[in-house]
Amino acid sequence: MNKPTFAPEVAPSPNGEIVIKADNVSVFYGDFLAVRDVCLEIPKHKIVAFIGPSGCGKSTMLRCFNRMNELIPGTKVEGKITFYETDLYGSDVDAISVRRKIGMVFQKPNPFPKSIYNNIAYGAWVNHYQGDMDELVERSLRRAFLWDEVKDILYQSGLDLSGGQQQRLCIARAIAIEPEILLMDEPCSALDPISTKNIEDLMQELKQRYTIIIVTHNMQQAARISDLTAFFNVETNDKGDKTGYLVEYAATKSIFETPQQQATLDYVSGRFS
Amino acid sequence: MNIDYQKKIQPRSAKERSLDIIFYWAAKVFAIAIAVVLVMITILVALRAFPAIREFGLGFLTTSSWNPVRSQYGILPAIYGTIASSFIALLISVPIGLGTAIFLSEDYFPPAIQRTIVFLVELLAAVPSVVYGLWGIFVLIPFLKEITPLRGPGMLPAALILSVMILPTIAAISRDAIINVPSGLRQAAVGLGATRWEAILKIVLPAASSGIIGGIMLALGRALGETMAVTMLIGNANKVDFSVFAPSNTVSSLLANQFAEASGLQVAALMYAALILFAITLAVNVLAQLLVTRLQKI
């Protein structure tokens with residue numbers, strides 16, 4: 001097997017503040033090594049895209065950042081992930097407070113079966129929000145570019161909205177709790193092209209305020225929206241287990257135009273075997 | 001020949017077509033038969049009850065004497081006992097059943113232990129009601145006599161046994177409803193920084209509420225109609241007494257106790273009582289359906 005040499009951890013924006021740093025992170029599901037030895041740094045207020053073939057561990061890696069992997073029994077994270085100075089997996093850090101700082105948008109829009117208003121208010125409730133709820137709901141919906149479409153139907157079920165609107169509601173719900181980082185796990189894969197465009201435009205606005213890490217299967221999307229791209233690949237060991245690893249992490253332009261690794265070049269040019 | 005065969009759409013064989021027709025009519029007849037049986041039972045019970053309805057009218061529901069010698073019949077105590085025993089049973093088993101359902105839908109236990117407990121809870125429903133009755137007479141009542149003012153059979157042991165009998169219905173159906181809540185909803189809640197309880201209380205339970213309420217209503221239906229264990233434990237005293245330690249009566253235990261020696265107007269009175277019980281359970285079920293459809297819309 002052609003094992004690429006690893007690009008060292010990269011911080012392509014020299015003056016950018018680093019929000020998240022992964023240091024030699026490996027994730028196990030039981031005995032199964034899902035992704036190994038990932039080192040990368042996420043600069044503040046950028047959009048970072050994780051791309052790669054199925055099973056390369058990009059979603060697994062994403063879910064490490066807000067400890068969502070812990071919902072799957074038997075998951076183990078080795079190495080160190082720091083959020084600013086805090087070790088996310090430190091013994092004094094609990095997963096719930098991590099998730100309040102690092103929000104998540106899922107692949108399939110999953111609004112609660114509640115009114116649009118209460119979809120936003122729920123996150124505020126679990127975070128013991130004390131301020132004006134009406135104001136928070138409006139602000140969050142405005143930031144998600146959804147306000148004009150739903151301001152007259154705030155008390156209708158979130159499930160009555162179209163798929164694209166539901167996903168924007170989920171984004172509004174996530175940003176209502178003022179996270180530092182938004183993790184997006186293939187947020188457009190269940191949406192039509194117009195809704196996808198809306199979400200992509202929205203992401204450009206959101207990055208003024210939040211750092212975004214997005215997992216996407218769609219290379220054009222990564223090229224369009226992200227500042228930095230991390231390419232993950234998958235290798236199969238003798239027993240047939242597939243383990244993902246980070247191949248290359250650099251500015252999006254250089255990943256797509258002048259990749260340093262042969263595997264990256266093969267993947268982004270569609271010559272992937 | 002071969003070409004002909006390919007160009008021509010073959011008619012279906014007579015055998016196939018007649019089988020189709022037979023199946024169509026069989027399905028139709030069976031479906032209608034169910035409705036007919038229900039309606040026929042209602043009509044026949046109502047017809048047999050008619051002498052009592054004519055004799056007592058609605059006063060049947062509001063008077064308390066049950067005196068075959070003087071041909072005076074009223075089922076107020078039985079109606080009170082039916083509703084009170086079921087209500088007390090629900091009061092006990094809804095919190096416990098719902099708690100069990102939540103507990104058994106989470107990953108607090110290793111899967112093997114969890115499966116065993118789920119199986120045991122469902123097994124509660126397999127215990128014949130006469131066994132519950134016997135256990136109530138020889139274990140529960142003596143025990144309650146020690147620690148409460150209870151002096152013998154009465155409302156309390158009957159309601160307690162009912163609560164045990166309906167517990168598996170509530171627990172099992174609620175657990176199914178909770179498990180069937182899409183995992184995306186729970187993940188979304190957890191992703192917003194909700195604790196386990198905040199996710200369960202505000203997201204999972206409301207999303208499962210129609211199933212949970214359906215389960216509670218089914219349990220209520222069973223409690224209202226349950227006969228054997230209740231008849232053995234409730235004391236069959238035909239008077240309204242609001243003490244849970246006093247003997248009482250339910251419509252179903254009234255019917256079970258009286259039908260053997262009934263004749264004449266007494267049969268009509270029993271039929272009338274049966275009709276009332278049927279009306280109550282029907283109302284509960286209709287209400288359940290309405291609640292469930294309304295909740296699903298939200």
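Student: Contact means heavy atoms within 4.5 Å, so which residues of α3(A) meet which in α4(A)?

Tutor: A:I116, A:Y117, A:I120, A:A121 and A:A124 on the α3(A) side meet A:M133, A:D134, A:L136, A:V137, A:S140 and A:L141 on the α4(A) side. This is a predicted model, in which local features need pLDDT of at least 70 and side-chain atom pairs count only at pLDDT 80 or more, while totals for chains, interfaces and linings use all residues; side-chain values use heavy atoms, with hydrogens and water left out. Residues are numbered from 1 along each chain as its sequence is written, and chains are lettered from A and ligands numbered from 1 in the order in which they are written.

Student: At what angle do helix α3 and helix α4 of chain A pack?

Tutor: About 105°, with the axes 10 Å apart, for α3 (residues 116–126) and α4 (residues 133–143) of chain A. α3(A) and α4(A) are therefore roughly perpendicular to each other. The cut-offs are under 35 degrees for roughly parallel, over 145 for roughly antiparallel, 65 to 115 for roughly perpendicular, and oblique for the rest. Axes are lines fitted to C-alpha atoms, for helices over the stretch in contact, and angles run from 0 to 180 degrees between N-to-C directions. Helices (H or I, at least four residues) and strands (E, at least two) are DSSP runs numbered from the N terminus.

Student: How many salt bridges does the rule find across the interface of chain B and chain A?

Tutor: One. A:R100 pairs with B:E198, and their closest N and O atoms are 3.7 Å apart.

Student: And what area is buried between chain B and chain A?

Tutor: About 1,800 Å², with carbon and sulfur atoms giving 69% of that. B:Q187, B:L192 and B:K202 supply 33% of the area that chain B buries against chain A, more than any other three residues. Buried area is the accessible area (1.4 Å probe) that two parts lose on being put together, summed over both. In contacts, 19 residues of chain B touch 26 residues of chain A.

Student: Switching to the sheet in chain A. What is the strand order?

Tutor: Ten strands form an open, mixed sheet in the order β5-β4-β1-β2-β10-β9-β3-β8-β7-β6. Two strands pair if DSSP finds at least two bridges between them.

Student: Which way do β3 and β8 of chain A run?

Tutor: Parallel: four bridges join β3 (residues 47–51) to β8 (residues 211–215) in chain A. There, A:A49 stands opposite A:I214 in β8(A).

Student: How many bridges for β1 and β4 of chain A?

Tutor: Eight, in the antiparallel sense, between β1 (residues 18–29) and β4 (residues 75–83) of chain A. A:A22 is opposite A:I81 in β4(A).

Student: What about β4(A) and β5(A)?

Tutor: Those pair antiparallel over two bridges, and A:F83 has A:T86 in β5(A) as bridge partner. Their hairpin has two residues between the strands, and A:Y84 takes a positive phi near 50°.

Technical notes
Contact = heavy atoms within 4.5 Å. Salt bridge = Lys/Arg side-chain N within 4 Å of Asp/Glu carboxyl O.
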